[in-house]
Structure formats: structure tokens, C-alpha cells
Amino acid sequence: GQHKIKFIPEMVGPILEMTLIPETELRKATIPIFFDMMQCEFHSTRCFQRFENEIITKLDHEVEGGRGDEQYKVLFDKILLEHCRKHKYLAKSGETFVKLVVRLMERLLDYRTIMHDESKENRMSCTVNVL
């Protein structure tokens with residue numbers, strides 16, 4: 001109800017951790033909570049910047065810690081885009097946000113993979129991409 005806004009951004013991290021559990025049905029059921037958070041903050045402040053900042057920060061930390069995978073990235077993209085595109089006011093800004101986070105995930109996953117590579121050049125290139 002009206003108290004949802006009080007849980008943003010504090011609940012973003014715990015919900016992100018739950019969505020990163022490698023269980024497809026759990027992910028499909030919990031990723032939409034992010035859209036609800038976006039929508040809630042948007043209706044309260046006309047933007048969802050606190051949510052956006054928090055999810056990017058927490059996602060960086062979680063992927064660096066070994067969580068997240070390609071399947072998560074695909075589901076995150078598909079589910080959130082579907083929700084955003086159906087919303088009159090979040091269609092454009094929501095799609096921009098989802099694309100930003102998906103690109104970040106791609107780079108973070110690449111970075112995590114390449115850190116075990118012997119090639120110093122590959123590691124440096126990947127680091128530049130993340131930055």
C-alpha cells in the first residue's frame with residue numbers, strides 16, 4: 001500500500017540477492033518486484049533514481065562476489081522490459097534503465113570471467129569496459 005516507498009532503497013539489496021538465486025521459477029516470480037519498486041518511487045517522486053542507484057551498486061557487489069549469470073541477465077531484461085513497456089509513464093525511462101543495467105551486467109560478467117585470464121591486455125580491456 002502507501003507504505004511501500006519506505007522500503008526503497010533498503011529492500012533493493014535483499015530482493016536482488018533473492019533474485020540472483022539460480023532457480024528460474026524463483027527469478028521469474030521475484031524480478032517483477034523491481035518494477036513495483038520503480039513504479040512506487042516514480043509515483044512518489046516522478047523518477048526512480050534512488051532505486052536505480054541502489055540496484056546498480058548492489059548488482060556490482062553481487063556479481064563481483066560470484067553471483068549472477070547469463071540466464072539472470074536475459075530474464076531481467078525480458079521481464080522488466082515487458083512490465084515497463086506496458087506502463088504509460090515508465091515505458092521510455094524504464095526501457096533506458098533496463099538497457100543500462102543489462103549492459104552493466106554484461107560487462108561485469110565478462111570482467112568476472114576474464115579476471116582469470118592470463119592476458120594482461122584482456123583484463124585491462126575488460127576493466128575499461130566496466131568503467
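A word on the source. This is a predicted model, where local features need pLDDT of at least 70, side-chain atom pairs count only at pLDDT 80 or more, and totals for chains, interfaces and linings use all residues. Residues are numbered from 1 along each chain as its sequence is written, and side-chain values use heavy atoms, with hydrogens and water left out.

Now the fold. The protein chain has seven helices and zero strands. Helices are DSSP runs of H or I, at least four residues; strands are runs of E, at least two; numbering starts at the N terminus. The radius of gyration is 15 Å, close to the 14 Å from the globule rule for 131 residues, so the chain is as compact as a globular protein of that length. That radius is taken over C-alpha atoms, and the rule is 2.2 Å times the number of residues to the power 0.38. Along the principal axes, the C-alpha atoms fill a box of roughly 50 × 25 × 25 Å.

Burial next. Of the 131 residues, 37% count as buried. Buried means under 20% relative accessible area, exposed over 50%, partly exposed in between (1.4 Å probe, protein chains only).

Take helix H6, residues 91–114. Its 24 residues should span 34 Å at 1.5 Å a residue, and its end C-alpha atoms are 34 Å apart, which agrees. The expected span is 1.5 Å times one less than the number of residues. Buried residues in H6 include Phe97, Val101, Leu104, Met105 and Leu108.

On to the loop between H3 (32–45) and H4 (49–64), where Arg46 lies. Arg46 has a positive phi of about 70° although it is not a glycine. Is Arg46 buried or exposed? Arg46 is exposed, at 55% relative accessible area.

Cys47 is in the loop between H3 and H4 too. Cys47 counts as partly exposed, at 32% relative accessibility. Leaving aside residues up to four places away in sequence, Cys47 touches Glu41 and Phe42. Contact means heavy atoms within 4.5 Å. The C-alpha atoms of Cys47 and Ser93 are separated by 8.7 Å, with the two residues 46 apart along the chain.

A cis peptide bond joins Ile8 and Pro9, with omega about 10°.
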